[in-house]
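Here is a short tour to keep beside you while you turn the model on screen.

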Amino acid sequence: MNYRKSIVALGTVLLFLSCATNPFTGKKTMAFVSNDQLFPSSFSQYDQFLTENKVVTGTADAEMIKRVGQRIAVAAERWLNANGYEGYLKDYQWEYNLVNDETVNAWCMPGGKIVFYTGILPIANGETGVAAIMGHEVSHALANHGQQRMSAAYIQQGLAVAGNFAIKDEQTRNIFNQSYGIGSNVLGMLPFSRSHETQADEIGQMIMAIAGYNPDECAELWKRMQAQSGGQAPPEFLSTHPSNETRIANLTKNAAKAKAEAKKFGVTSFK
Ligand SMILES: [Zn+2]
């Protein structure tokens, strides 16, 4: 057996040994990096990002970001608890910050570390639009999409074999930077796959509805994104989240499903 084949074979074995369950699909996903390894990298990168950027505090917009974030986090926890995933968020350290930057972007790093740029607020067009973006970004983190992207990077680099026994902190850090791009250049973040986008759309829409925000807003938000993309400066958000007719059609269709899920939690009116 040649070297490459044996790496693949070992990788396949480890794939089954190093899995996490995605609570929203019930499916096993790759997780060469545990939250214990991942979250400290995430938290320190986030803190560093905040010290190097202009965090807005005490304004109505900054308060709104925190308020929406808290409501989304509570809704996510309610859903997870109701579906047998108590304790899933125990290592999360939720934080929601608004950063003064004209870039049209927002993101959530592993463990619940969220940033909104002031540049995305006009497209969000109010609290419900913010909730739509927040729900989507938080869902990438909840479904471990970043972790899967990191695990894929480990396999690509043949690190999975060594990694399973002793992933060095430095390797974790390098792959973290590669997968999230925060350390070097936040705008260089890799796009998620289309299936991850669809999943984050669906989970996000459900969570925002449980939080009491109208899930009909999602399609409207993406229409505004699309309109903006025709302008002189397409939103940075669109480089990682391409908007298209299919996406808008799905969001329109899934809004009813999200409302039905919210009803199970006693939420029947939305703002
Ligand atoms: Zn996304």
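This is a predicted model: local features need pLDDT of at least 70, side-chain atom pairs count only at pLDDT 80 or more; totals for chains, interfaces and linings use all residues.

Of the 271 residues in the chain, 52% are buried.

**The chain as a whole**

- The accessible surface of the chain is about 12600 Å², and carbon and sulfur atoms account for 52% of that surface.
- Take the contacts between residues at least 6 apart in sequence: 71% of them join residues at least 24 apart.

**Helices α3 and α5**

- Helix α3 spans residues 60-82 and helix α5 spans residues 127-142; their axes come within 9 Å and cross at roughly 50 degrees.
- The crossing of α3 with α5 is right-handed.
- On the α3 side, the contact is made by M64, I65, R67, V68, G69, I72 and A76. Helix α5 contributes E127, V130, A131, M134, G135, V138 and L142.
- Sorted by class, this contact of α3 with α5 has 10 nonpolar, two polar and two charged residues.

**Helices α10 and α12**

- Helix α10 (residues 217-229) packs with helix α12 (residues 245-263) at an angle of about 160 degrees, and their axes are 8 Å apart.
- Angles over 145 degrees count as roughly antiparallel, which is why α10 and α12 are described that way.
- The crossing of α10 and α12 is left-handed.
- Look for C218, A219, W222, K223 and Q226 on α10, which make the contact together with E245, R247, I248, L251 and T252 on α12.
- By class, the contact of α10 with α12 has five nonpolar, two polar and three charged residues.

**H140, in helix α5**

- H140 is found in helix α5, and with a relative accessibility of 2% it counts as buried.
- Which residues touch H140, leaving aside its neighbours within four places in sequence? They are H145, G146, F192, H196, E197, A200 and H241.

**C108, in strand β5**

- C108 is in strand β5 (residues 106-109), and its relative accessible area of 8% makes C108 buried.
- Setting aside neighbours within four places in sequence, C108 is in contact with K113, I114, E137, V138 and A141.
- V138 is one of these contacts of C108, and V138 is also among the α5 residues that make the contact with α3.
- The C-alpha atoms of C108 and W94 are separated by 9.8 Å, and the two residues are 14 residues apart along the chain.

**Two asparagines with positive phi**

- Most residues other than glycine have a negative phi.
- N125 has a phi near 60 degrees, a positive value in a residue other than glycine. N125 sits in the loop between α4 (121-124) and α5.
- N144 also has a positive phi, near 60 degrees. N144 is found in the loop between α5 and α6 (145-156).
- Is N125 buried or exposed? With a relative accessible area of 54%, N125 is exposed.
- N144, by contrast, counts as buried, at 10% relative accessibility.

How values were computed: Residues are numbered from 1 along each chain as its sequence is written. Side-chain values use heavy atoms; hydrogens and water are left out. Axes are lines fitted to C-alpha atoms, for helices over the stretch in contact, and angles run from 0 to 180 degrees between N-to-C directions. Helices (H or I, at least four residues) and strands (E, at least two) are DSSP runs, numbered from the N terminus. A crossing is left-handed if the near helix is turned anticlockwise from the far one by less than a right angle, and right-handed if clockwise. Contact means heavy atoms within 4.5 Å. Ala, Val, Leu, Ile, Met, Phe, Trp, Tyr, Cys and Pro count as nonpolar, Asp, Glu, Lys and Arg as charged, and the others, Gly among them, as polar. Buried means under 20% relative accessible area, exposed over 50%, partly exposed in between (1.4 Å probe, protein chains only). Accessible areas come from the Shrake-Rupley method with a 1.4 Å probe; for residues, only the protein chains shown count as cover. Angles under 35 degrees count as roughly parallel, over 145 as roughly antiparallel, 65 to 115 as roughly perpendicular and the rest as oblique.
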